[in-house]
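Q: I have a sequence and a model on the screen. How should I read the features, one at a time?

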Amino acid sequence: MILGHFSKQIRASYSAKLIAIFIAALCLMATALNITSNRMHKSSYTKYMQSNGLALAQLLAKSVQLDVFSENLEQLQMPAASLLDREDILQVEILTSKGRPLVSLGKTHKSNQIPDRATLLTGIRAQAPHFKEWPTTFSYWWPVEALATTSSEDALYFDVEPAQADGEQEPLGYVTLLVSKIHYEKDIREMALRTGLIILLLLVLLVTGTLLLTRRMTLPLRTLIHKIQSQRTIGEGHDDIGLLDTTVTNLIKDLDHSFETITNLKTGLENQVKERTRQLALANQGLTTRQEYLEEANQQLEKAMQELQETEGQLIQSEKMAALGQVVAGVAHEINNNINFISGALPSLSRGINDLKELTRTFGAACLEEPGEKQAEMRLKALALKKEIEQDDLFTSLDELMGNIREGVKRTIRIVTDLHTFSRADEQGFKRVDLHSSLDSTLTFVNKKYLKGIFIHQEYGTIPLVTCRPGRLNQVFLNIMNNGIQAMARQGGTLKITTFLEDDHVHIRFSDTGCGISKEVLPKIFDPFFTSKGPGAGTGIGLAVSYKIIQEHRGRITVTSREGEGSIFEVILPVDGQKEALPPVDNSDG
Amino acid sequence: MLNRLCLTILILCHTATASYGLEVVAVKSSPAQPYETALQAFSKELIALSPGHGTKSIQPDITIRAISLRDDEQPAELRHEINKGKADLIVALGSKALRFAAPIHDIPIIYLLVPSPAEIAGPQANITGVLLQPEPGAQFRALKDIMPGAKRVGVIYDPAKTAALVDQAAAANSGTVFVRRPARSGQEVPDHLASLTGEIDLLWMLPDSTILSPQTAMSFYRFAHQHQIPILAFSEKYLARGATFAIQLDLEEMGRMAALLALRIKQGKKPQDLPPMRTERVTLKINRALTDKLGLKLQEGQP
């Protein structure tokens, strides 16, 4: 049952076949190695036994040399008996050169296969090797040799003939040993057993290692086969390689089919691409025509835009000139008032100065005259003149006149200062400014012809210095003030200017009690060129410019108005107009 | 005038008789060192003893040609070569050399380092030489000087070879008892040795080729070791192998003696008139390790 299962597995797996062949080869090699090793061991051990036994025989032969020579049987017994003490030595014999036994000692042995003396002597006399292996024993023999007696008497005295001294030997007899093979065979068996066990252990290790290694190495192949088996019907190949072969063949077929399909699709696609390309070329041609048309239109638009920008610039310049006209008119009015003030005082001042000159001359002449009548006469004349001109009143009048002139000059200086503050013509950059000063100087230049019956109420709160472009802001403030004053021109009213700080933003609120702005107009008041004033009364870009300026300051401008009740314009500026930004303008009705 | 003439003749005669031109052929039994040592001593002494020619001469006109015998040489051819060279003297070093030179009768022969020259050459008129062994009596006298207690001396010998030696020793040492064991072969030695147990104070090893062989030498040593008996050997060669005492053979002295014989032969003496020389001085060599092991107490003044 198990064998059948293994047989089925081996048939189904190519790697299993390889492993089985490899293991079989290993087993064969192990068997061959075992046999070879045992033979080598046996050969080596036999050689060892041979050399060991021969060494024993040689030693025995040397030790009994003298006793064999003298045939001293008693002395010969001792070495032979001592050798027999060894368990494996079965027999020891010492023979004469003629083969006559001098000593023959032996043990009883189970085997009757001990070679007899005649056999041994036959071997010895035939000059056979000193060692012979018998079925159950080893036999060793060694000649008992003696140095040949020298024929030269000189050698008795001197070592004069080495060849004679050490060379020729003459046999005195032989020693033979019979050694049992029991221990030898036992040792051989044990060596074979040990070798077999080692080889078996190595075989087991090799087979186990091979199985593990093969299992690890063929893991990707098995995974691939499992995948194939899970996607295909099992049994398309007689083993896993057959299955792979079938799968690869099918894959190649599928691939060929796919390539064919791709080729067909490619051909169709190329045709479609050609058609589409042709259509796109036509469309592209139309688009090119349109693009040229659009480019032409764009150029016209750019030209119109440029013209518009130029017109806008001209209008802004007109607004600036109008504002400047108002300012100039205000300045001229104020300066004219002051000049009138000064020029009116000048005739009276001239008269008074002339009177003083006459009086001073008269008194001077009187003082220079020698005391006498003439001097008294001149003095009386001077006193009369003093009375005539009412010197004390003259002095009072001169002080008043000088005061008037001083006031006129002072006002002119203030106007000039305000004009300087208002215009800031040389300070177009951002700087920290006190907005209250800006508002005050701007008020100087509001349209004076509408100021009659209008009360300016200033309610300034505590605000910090604001980073701004003061000239531009003054333009905004003047525009809003003029609009408010104009709205109140007919019936009069109050223009209230309020400042306060809220959420790090400065609020400047302008409230008038004028006619107000209708709901329809209110959303358009910041549109360029929109005006509710009559022809020639306004350009329609004042508030639009103001809106743009406040945007530049990242601020807001709001308008609240009720028709017939007045309007509230509120400018909200960040303390640092260079950094912060506010939401867009919120125009709301009342 | 006559007197002057007679003086001149006398001077010329003297010069003629004193001419020392000498051709010597030294034949060595083998190239072994003992022969070479003796030959060197011979040559040196011969030159030293020979007067030179005139006051400025530093070397006499002596030629010594040395030959080492080899096994493959043909003795007859070599002898012919020697005769052809008209040698004045042959020095035979060793038994083999004497055996080679003995057939030459017309050239004087001096033997050297030959144990038994009589056995080789017998009484031959042109042969004389230096005996190898000191006189046996002198040997025992030297031994008695250091070991006076050695009264009984055991000796195993081949009567055919060394009986004379034993007799000479016995005659020269009346106070010493020589326990004799004659043997015909070396195989009898162990039994004879066993028979000497307890009978002797000293074992005398003779230069007897029948008795002494490498095997029997081992029997001697074993006996001496087992029974604590010292051995007196005839050559130093046995000292390191187990003998307790040995007669030192002074090879150079023997060489010098041979040179003296050669000089006399050249001076006109006949070899048969020159009896063989023998060293009178006997030097005993002692194996100190062995004497200590045997517990021997030697006399003061020992060599």
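A: Begin with burial. A residue is buried if 20 or more other C-beta atoms lie within 10 Å of its own, and exposed if 12 or fewer do. The model here is predicted. In chain A, buried residues make up 23% of the 590 residues.

Q: How many helices and strands does chain A have?

A: Chain A has 15 helices and 13 strands. Of the contacts in chain A between residues at least 6 apart in sequence, 70% join residues at least 24 apart.

Q: Which residues touch the most other members of the largest nonpolar core?

A: A nonpolar core is a set of buried residues of nonpolar type, joined through C-beta atoms within 7 Å. The largest one here has 118 residues, and Val91(B), Leu112(B) and Met205(B) touch the most other members. Helix α10 of chain B, residues 251-266, gives the most to this core, namely eight residues.

Q: With its neighbours within four places in sequence left aside, what is Val91(B) in contact with?

A: Val91(B) is in contact with Val24(B), Ala26(B), Val27(B), Phe42(B), Ile110(B), Leu112(B) and Ala258(B).

Q: Now the sheets. What is the strand order in the open sheet of five strands in chain B?

A: Strands count as paired when there are at least two bridges between them. The order in this sheet is β2-β1-β3-β4-β5 of chain B, and the pairing is parallel. At the edges are β2 (62-68) and β5 (127-131) of chain B, each of which pairs on one side only. On average, neighbouring strands of this sheet are turned by 20° against each other, direction ignored.

Q: How many bridges join β1 to β2 in chain B?

A: Strand β1(B), residues 22-28, is joined to β2(B) by seven bridges, and the two run parallel. Within this pair, Val27(B) stands opposite Ile67(B) of β2(B).

Q: Which strands of this sheet does α10(B) touch?

A: Helix α10(B) packs on the sheet and touches β1, β3 (89-93), β4 (109-114) and β5 of chain B. The direction of α10(B) makes about 170° with that of β4(B).

Q: What is the pairing in the open sheet of six strands?

A: The pairing is mixed, and the strand order is β7-β6-β8-β9-β10-β11 in chain B. β7 (177-182) and β11 (283-286) of chain B each have a single partner strand, so one side of each is left without a neighbour in the sheet. The twist from one strand to the next averages 25°. Strand β6(B), residues 152-157, runs parallel to β7(B) and is joined to it by six bridges. Ile156(B) has Arg181(B) in β7(B) as its bridge partner.

Q: Where does helix α6 of chain B lie?

A: Helix α6(B), residues 136-146, lies across β9, β10 (245-248) and β11 of chain B, at about 50° to β11(B).

Q: How far apart are the end C-alpha atoms of helix α9 of chain B?

A: Compare the distance with the expected span, which is 1.5 Å times one less than the number of residues. Helix α9(B), residues 214-227, has 14 residues and should span 20 Å; its end C-alpha atoms are 20 Å apart, which agrees. The buried residues of α9(B) include Gln215(B), Met218(B), Phe220(B) and Phe223(B).

Q: What follows α9(B)?

A: Gln228(B) follows α9(B). Phi of Gln228(B) is near 55°, a positive value in a residue other than glycine. Gln228(B) is in the loop between α9 and β9 (231-233) of chain B, and is exposed, with 10 other C-beta atoms within 10 Å.

Q: Is Asp503(A) buried or exposed?

A: Asp503(A) is exposed, because 7 other C-beta atoms lie within 10 Å and the cut-off for exposed is 12 or fewer. Phi of Asp503(A) is also positive, near 55°. Asp503(A) is in the loop between β9 (493-502) and β10 (505-512) of chain A.

Q: How many residues does each chain bring to the contact?

A: Chain B brings 24 residues and chain A brings 17. On the side of chain B that touches chain A, α4 (95-101) and α9 of chain B are the elements that give two or more residues. The largest share of that side, four residues, comes from α9(B). By class, the side has eleven nonpolar, eleven polar and two charged residues.

Conventions:
Residues are numbered from 1 along each chain as its sequence is written. Chains are lettered from A and ligands numbered from 1 in the order in which they are written. This is a predicted model: local features need pLDDT of at least 70, side-chain atom pairs count only at pLDDT 80 or more; totals for chains, interfaces and linings use all residues. Two residues are in contact if their C-beta atoms, placed from the backbone, lie within 7 Å. Axes are lines fitted to C-alpha atoms, for helices over the stretch in contact, and angles run from 0 to 180 degrees between N-to-C directions. Ala, Val, Leu, Ile, Met, Phe, Trp, Tyr, Cys and Pro count as nonpolar, Asp, Glu, Lys and Arg as charged, and the others, Gly among them, as polar.
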